[in-house]
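Student: I've just opened a new structure and I'd like to learn how to read it. Could you walk me through it?

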Amino acid sequence: MPAAGKYFSALAVVSFFLAASGVRSQSLPLGYATNFSSVAYFEPPNEQQVKMKLSGAEASPLPGTLFDLKKMRVEKFASDGKLEAVVEAPRCTYAPLDGVANSAGHLELKSGDGKFRVEGDGFLWQQNESSLVISNHVRTVIELPSAKPKKS
Amino acid sequence: MKKIFLLWSVIFAVALAVPAQVSPPDKKSLTRKTTTIESDRAEFDLNTRRAVYLGHVKVDDPEMKLQCEQLTVDLPADGDRVNHIVAEVNVIIDFSDSHGQTARATGSRAVYHYAVTGAVTNESVTLTGNPKVDSPQGTLTGDEIAWDRATGHMTATNQKMIFKQNLNGNADTNASAVKLF
């Protein structure tokens with residue numbers, strides 16, 4: 001069934017997005033920064049492999065331990081180096097202590113092969129609740145092989 | 001109709017749907033397709049492994065189109081196959097059968113269920129809430145309409161089937177319908 005694995009893929013992408021919080025302390029600059037990037041690695045024995053890369057054009061500290069991120073891009077990799085997923089947001093406010101990110105702007109999530117994509121405008125990501133809400137104009141595109149089951 | 005079976009299987013099949021046996025797909029039968037889901041809003045809950053699409057939900061697929069106001073997808077914890085999908089509120093499913101004839105299924109709720117028990121795969125769809133299936137051949141209504149995905153059987157409780165009479169052998173005939181039940 002086409003819709004089946006697709007949603008699982010969706011979960012994987014969302015999981016990846018949420019997992020970004022796991023390395024937040026390493027990923028964000030302490031002060032203002034431009035063209036920043038930060039990398040998190042796998043646990044041993046794959047400690048040489050990049051697990052996730054967070055990058056952006058600009059990161060500005062805001063009152064209340066918030067960050068204003070511009071052109072945020074998060075890339076998640078498998079332990080073999082294969083790109084698993086990418087999340088991009090032109091702009092968002094991120095509260096690393098609360099594990100909350102939100103924006104009225106656009107959000108795009110896609111699997112590494114581009115066969116699963118979700119985009120929308122306005123989002124709220126709450127790590128503690130493990131929830132992601134996309135508020136407007138949500139569009140999910142799934143490209144997967146589908147099989148026509150045969151009767152036995 | 002194929003796609004209906006592909007995307008929706010009934011969980012509340014009651015005693016209507018016959019458990020189906022489906023063999024695994026062979027590689028030659030695999031084709032790549034694109035499915036698009038549009039909605040006003042979407043909520044992903046990783047704790048419950050549930051995705052909910054809300055507001056003007058539209059599923060566009062090469063073999064079917066679905067509209068509803070809420071689409072809930074429960075993701076299995078240990079597999080890659082969705083086994084439970086619920087479409088609610090003003091559900092409209094447009095699909096084509098194997099002969100290319102289009103049909104429309106409507107209702108207030110549609111539930112897809114997929115389960116494998118041993119070598120037997122059950123995949124079904126149940127429509128409730130004034131369910132109705134309109135096709136060139138006729139209209140089926142009932143308290144509940146259930147599809148068995150593998151057998152292609154469609155059954156209904158308290159069913160009423162209205163066949164469209166074609167006196168001229170012309171599909172575009174305006175002949176009045178014949179009420180059989």
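Student: In what order do the elements of chain A run from the N terminus on?

Tutor: Keep in mind that this is a predicted model. Reading from the N terminus, chain A goes α-α-β-β-β-β-β-β-β-β. Chain B comes to one helix and 14 strands.

Student: How far does the pLDDT reach in chain A?

Tutor: General idea before the case: where pLDDT is low, the predicted coordinates should not be read in detail. In chain A the mean pLDDT is 78, and 74% of the residues reach 70 or more. Residues 1-26 of chain A have a pLDDT below 50, although the model gives this stretch 74 contacts beyond near neighbours in sequence. At residues 148-152 of chain A the pLDDT also stays under 50, and the model has 13 contacts there beyond four places in sequence.

Student: Okay, on to the strands. Which strand does β3 of chain A join, and how do the two run?

Tutor: To read a strand pair, look for the bridges and then for the direction. Strand β3 (residues 66-77) of chain A is joined by ten bridges to strand β4 (residues 83-95) of chain A, and the two run antiparallel.

Student: What happens in the hairpin of β3(A) and β4(A)?

Tutor: There are five residues between those strands, and G81(A) takes a positive phi near 90°.

Student: Which strand does β4(A) pair with over seven bridges?

Tutor: That is strand β5 (residues 100-111) of chain A, again in the antiparallel sense. You can check two positions in β5(A): T93(A) stands opposite N102(A), and V87(A) stands opposite L109(A). The hairpin of β4(A) and β5(A) has four residues between the strands, with G99(A) at a positive phi near 65°.

Student: And over how many bridges do β5(A) and β6 of chain A pair?

Tutor: Nine, in the antiparallel sense, with β6 covering residues 116-126 of chain A. Here E108(A) stands opposite E119(A) in β6(A). Four residues lie between β5(A) and β6(A) in their hairpin, and G114(A) in the turn has a positive phi of about 75°.

Student: Where do the side chains of a strand point?

Tutor: In a regular strand the side chains alternate between the two faces of the sheet.

Student: How many C-beta neighbours does L83(A) have inside 10 Å?

Tutor: L83(A) has 15, so it counts as partly exposed. This residue lies in strand β4 of chain A. Now compare sequence with space: L83(A) and G112(A) are 29 residues apart along the chain, yet 4.9 Å separates their C-alpha atoms. Leaving aside neighbours within four places in sequence, L83(A) is in contact with E75(A), F77(A) and G112(A).

Student: What share of each chain is buried?

Tutor: For chain A, buried residues make up 36% of 152; for chain B, 39% of 181.

Student: Which backbone angles should I look at besides those in the hairpins?

Tutor: The peptide bond from P44(A) to P45(A) is cis, with omega near 15°, and P45(A) lies in the loop between β1 (33-41) and β2 of chain A. As for phi, H137(A) has a positive value near 50° in a residue other than glycine. H137(A) sits in strand β7 (residues 131-146) of chain A and is partly exposed, with 14 other C-beta atoms within 10 Å.

Student: What is the phi of N90(B)?

Tutor: Positive, about 50°, although N90(B) is not a glycine. N90(B) is found in strand β6 (residues 84-96) of chain B, and its 15 other C-beta atoms within 10 Å make N90(B) partly exposed.

Notes: Residues are numbered from 1 along each chain as its sequence is written. Chains are lettered from A and ligands numbered from 1 in the order in which they are written. This is a predicted model: local features need pLDDT of at least 70, side-chain atom pairs count only at pLDDT 80 or more; totals for chains, interfaces and linings use all residues. Two strands pair if DSSP finds at least two bridges between them. A residue is buried if 20 or more other C-beta atoms lie within 10 Å of its own, exposed if 12 or fewer, and partly exposed in between; C-beta atoms are placed from the backbone. pLDDT is the predictor's confidence in each residue, from 0 to 100. Two residues are in contact if their C-beta atoms, placed from the backbone, lie within 7 Å.
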